[in-house]
Amino acid sequence: MRTGASTFAEGVDLSLYIISGISIFFLVGITAVMIYFVFRYNKKRNPTASHIEGNNTIEVIWTVVPTMLVMVMFYYGWMGFKPMRNVPDNAMVIKAYGQMWKFSFEYPNGTITDTMVVPINQPVKLELISRDVLHSFFVPAFRIKEDLVPGKNNYMWFEANREGRYDVLCAEYCGQLHSYMLSSITVVPEVRYNEWLAVVSAKSDEHPGLAIMKKNACFTCHSQDGSKLIGPSFKGIYGKKEIVVTDGVEREITIDDAYISRSIKEPNADVVQGYMKGLMIPYGAVINDEQIADIVDYIKTLE
Amino acid sequence: MATLSTDLNYLQAKKGLFSWIFSVDHKRIGLLYLYSLMTFFLVGVTLGILMRLELLNPGKDLVEAKTYNQIFTLHGVIMIFLFIIPSIPAVFGNFFLPIMLGTDDVSFPRLNLLSWWIYIIGAIMALSTLLFGDGPADTGWTFYAPYSVKTGTNVTMSVLAAFVLGFSSILTGLNFIVTIHRLKTPGMTFLKMPLFAWALYATSWIQLLATPIIGITLMMIVAERFFGVGLFDPSIGGDPILYQHLFWIYSHPAVYIMALPAFGIISELLPTFSQRTIFGYKAIAFSSLAIAFVGYFIWGHHMFTSGMSGTGRFIFSILTFLVAIPTAIKVFNWVATLYKGSINVQTPLLYALAFIFQFMIGGFTGLVLGALATDIHLHDTYFVVGHFHYVMFGGTGFAFFGALHYWFPKMWGKMYNATVANIAFVILFIGFNTLYFPMLIAGLMGMPRRYYDYLPEFHLPNMISTFGSWILATGLLLMLGNLIYAYFNSKTKPGRNPWGGITLEWQTQSPPPVQNFDRMPVLPKDGPYDFEHKPTIKE
């Protein structure tokens with residue numbers, strides 16, 4: 001297992017060791033007894049069997065002892081889990097968004113990033129928001145996992161206690177590129193965290209359309225260099241003629257402002273031939289017309 | 001002793017394909033299930049081997065991500081709905097339950113045939129997604145919403161197939177419950193019934209009561225896909241968590257539909273090969289009912305990371321631990337049955353011993369997953385995949401193979417080569433553990449399940465696991481080859497009772513006559529495993 005890097009790791013690992021310890025003891029013990037019996041009472045050594053129908057004392061013992069042991073296991077499991085639901089008041093709140101197939105993080109000052117940087121020994125609460133299907137935010141080194149459920153605001157929290165970079169994986173199956181839905185959390189001293197936040201929060205001089213598209217994970221499925229991913233590439237797409245399927249009927253259209261706008265708001269209305277319907281969610285609620293204009297403006301530059 | 005007509009056995013009685021596919025003889029229906037189940041099992045195994053090949057190295061080895069996702073979904077659907085749920089009840093339950101109860105058939109023979117036909121129709125529907133529509137579903141066998149509502153693949157057909165298969169399961173359950181209540185031979189009370197019948201009794205109640213829930217849940221998915229009703233997809237007002245509750249309210253008890261009949265098999269194999277009475281008959285019989293009952297209330301442990309309240313997680317975790325207790329009682333009683341027996345080590349017993357070992361690993365890893373702290377880390381990782389393969393394959397699958405070797409001489413009146421069977425068992429045992437144990441390690445390291453590609457640090461356990469799949473496949477082929485060879489070529493006549501068994505099927509001819517018994521079966525004096533007063537059986 002990866003070395004623990006959060007305050008929860010100790011409790012989780014302790015319950016794992018207790019349960020595995022008891023389990024391995026019984027697994028080895030019972031298996032050994034079983035094999036011993038097979039040799040000791042083999043028909044060559046023991047040609048006549050004794051017909052023992054049962055023994056109430058023994059039945060009571062092997063009901064009561066496992067009951068006590070599983071209650072011990074339950075107790076440690078519960079104790080290791082309980083702190084995960086009690087978020088400290090001083091926790092820094094970060095919104096974690098999941099969508100096919102990308103995590104993104106919104107810091108309290110509004111800055112949005114693909115990977116997370118957090119200060120060491122600082123409780124961080126994640127508000128988990130899914131934009132499409134189920135995802136699950138899993139950090140093996142922190143021993144934490146919670147699902148991102150669309151329409152439901154789940155949360156989780158952690159306090160990292162070791163510096164380093166830790167993998168974030170999506171643990172709930174979410175479609176084609178589920179196994180590529182990765183991110184990371186880098187744990188740094190507070191001073192370095194503040195420096196980092198200042199840099200990423202600085203106004204960048206990138207195209208506003210590009211910024212909006214990055215924020216909404218458009219490039220997970222649509223490349224900028226002409227390569228075919230889940231959806232068509234944006235390169236040279238503006239003004240191009242395409243065959244699209246509308247309600248099962250093929251027709252030719254020219255890609256213009258209206259088509260791009262419709263594709264963002266109703267992505268399944270006109271699907272370019274050769275691509276799968278139903279994979280993209282409508283973005284009308286998150287991207288307004290002004291922003292769509294910025295996006296169109298940016299796509300025009302990708303010749 | 002009354003003499004019944006014995007001229008022809010059930011295999012010779014009638015000839016021709018129609019005499020099989022429209023037979024109402026429970027023995028023939030059992031074999032129909034066996035042949036169809038094994039066919040689908042081999043398809044499922046092939047898909048599993050393809051998955052392991054893809055996971056041999058990080059990155060693409062064989063297929064694209066989407067194809068891989070379809071393969072693991074179809075593997076799950078076939079193995080769960082077409083193989084493991086029907087497996088032991090449909091094959092050995094159908095064949096042996098009436099004989100073990102000392103009767104000539106199940107209560108509703110035509111309903112029994114209908115169950116098989118419904119099963120075949122469902123199976124064809126499930127496999128048709130390979131050929132028609134937009135390809136097999138890529139959702140995983142759990143069909144979790146809202147992805148299952150949104151994806152463009154042929155989820156509707158897969159879901160309808162599972163819906164249809166549910167009816168087959170319900171009807172078999174109903175048939176067995178009535179048979180057990182009404183058709184036990186005179187003198188056989190509930191407490192003198194073989195433990196296999198007890199296990200089937202507990203299983204049948206779950207089949208009857210829980211299966212309708214999955215049926216309606218899957219229809220809700222279809223309604224959602226076609227009419228956009230807004231049941232599960234939050235973008236149209238539904239709730240994905242509702243789907244998970246409904247799905248697991250059936251699918252957790254279904255785990256016991258898969259496991260309880262296997263317990264029944266083990267409770268038959270151990271007394272026969274120890275030549276002594278079972279230890280703790282009542283404890284084993286009633287623990288089956290306890291498992292069936294408590295099993296209804298623990299579905300929530302599949303949802304520990306779905307955002308359930310702390311209270312909810314507390315309750316479902318503690319109930320999950322309760323179900324471990326009757327299971328532990330069974331294991332202790334089984335091992336105690338070996339004590340002071342006169343043990344005859346034959347192939348079926350080897351499968352039973354491997355069952356106990358592997359089922360314990362399945363059970364203990366289940367405890368790790370039942371505890372909240374550890375589940376949070378291991379939920380939806382390869383640890384879960386390893387855990388349920390230990391229970392389902394290492395447990396039920398091995399019990400199924402054990403039963404196949406145990407009753408083979410009775411079903412066909414021929415004997416297989418025991419040495420080859422034992423070699424196949426050893427290869428299978430090594431292959432199985434090499435395949436699935438590394439999955440537990442990969443899970444502890446943090447590798448999520450349903451992963452087409454993985455980080456380089458997970459390479460070693462995946463590589464070992466793939467090697468294991470090749471060993472396992474070799475063992476399977478050798479095992480099946482040996483049995484098929486014996487079926488066609490064996491000249492060894494096993495007689496009525498090759499293992500010295502005591503349940504009623506060993507009193508009749510091998511293979512049994514159409515009416516099951518050529519002379520009235522005699523019950524042992526003190527209960528079904530009274531080896532001290534074993535009735536003498538003349539050939």
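**Close-up 1. Helix α2(B) passes helix α16(B) in a left-handed crossing.** In this predicted model, helix α2 (residues 26-54) of chain B packs with helix α16 (residues 459-489) of chain B at an angle of about 155°, and their axes lie 10 Å apart. Because angles over 145 degrees count as roughly antiparallel, α2(B) is described as roughly antiparallel to α16(B). On the α2(B) side the residues that meet the partner helix include Y35(B), M38(B), F41(B), L42(B) and R52(B), while those on the α16(B) side include N462(B), S465(B), W470(B), A473(B) and Y487(B).

**Close-up 2. The largest nonpolar core holds 266 residues.** Within this core, the members that touch the most others are F137(A), F142(A), F92(B) and W407(B). The most residues are given to this core by helix α9 (residues 240-274) of chain B, which supplies 20. A second, separate core consists of 23 residues, among them F234(A), V244(A), I281(A) and Y298(A).

**Close-up 3. The surroundings of F92(B) beyond its neighbours within four places in sequence.** Once those neighbours are left aside, F92(B) is in contact with S87(B), L97(B) and F196(B), and also with F400(B), A403(B), L404(B), W407(B) and M411(B). Of these contacts, W407(B) is, like F92(B), one of the residues that touch the most other members of the largest nonpolar core.

**Close-up 4. Helix α12 (residues 347-370) of chain B.** At 1.5 Å a residue, the 24 residues of this helix should span 34 Å, which agrees with the 34 Å between its end C-alpha atoms. Since 22 of the 24 residues of α12(B) are buried, the helix is largely enclosed by the rest of the structure.

Key
Residues numbered from 1 in each chain as written. Chains lettered and ligands numbered in written order. Predicted model: local features only at pLDDT ≥ 70, side-chain atom pairs only at ≥ 80, totals over all residues. Heavy atoms only, no water. Helix = DSSP H or I, 4+ residues; strand = E, 2+ residues; numbered from the N terminus. Expected span 1.5 Å × (residues − 1). Buried < 20%, exposed > 50% of the residue type's maximum accessible area, 1.4 Å probe, protein only. Core = buried A, V, L, I, M, F, W, Y, C linked by side-chain atoms within 4.5 Å. Contact = heavy atoms within 4.5 Å. Axes fitted to C-alpha atoms, helices over the stretch in contact; angles between N-to-C directions. Parallel < 35°, antiparallel > 145°, perpendicular 65-115°, else oblique. Left-handed = near helix turned anticlockwise from the far one by under 90°.
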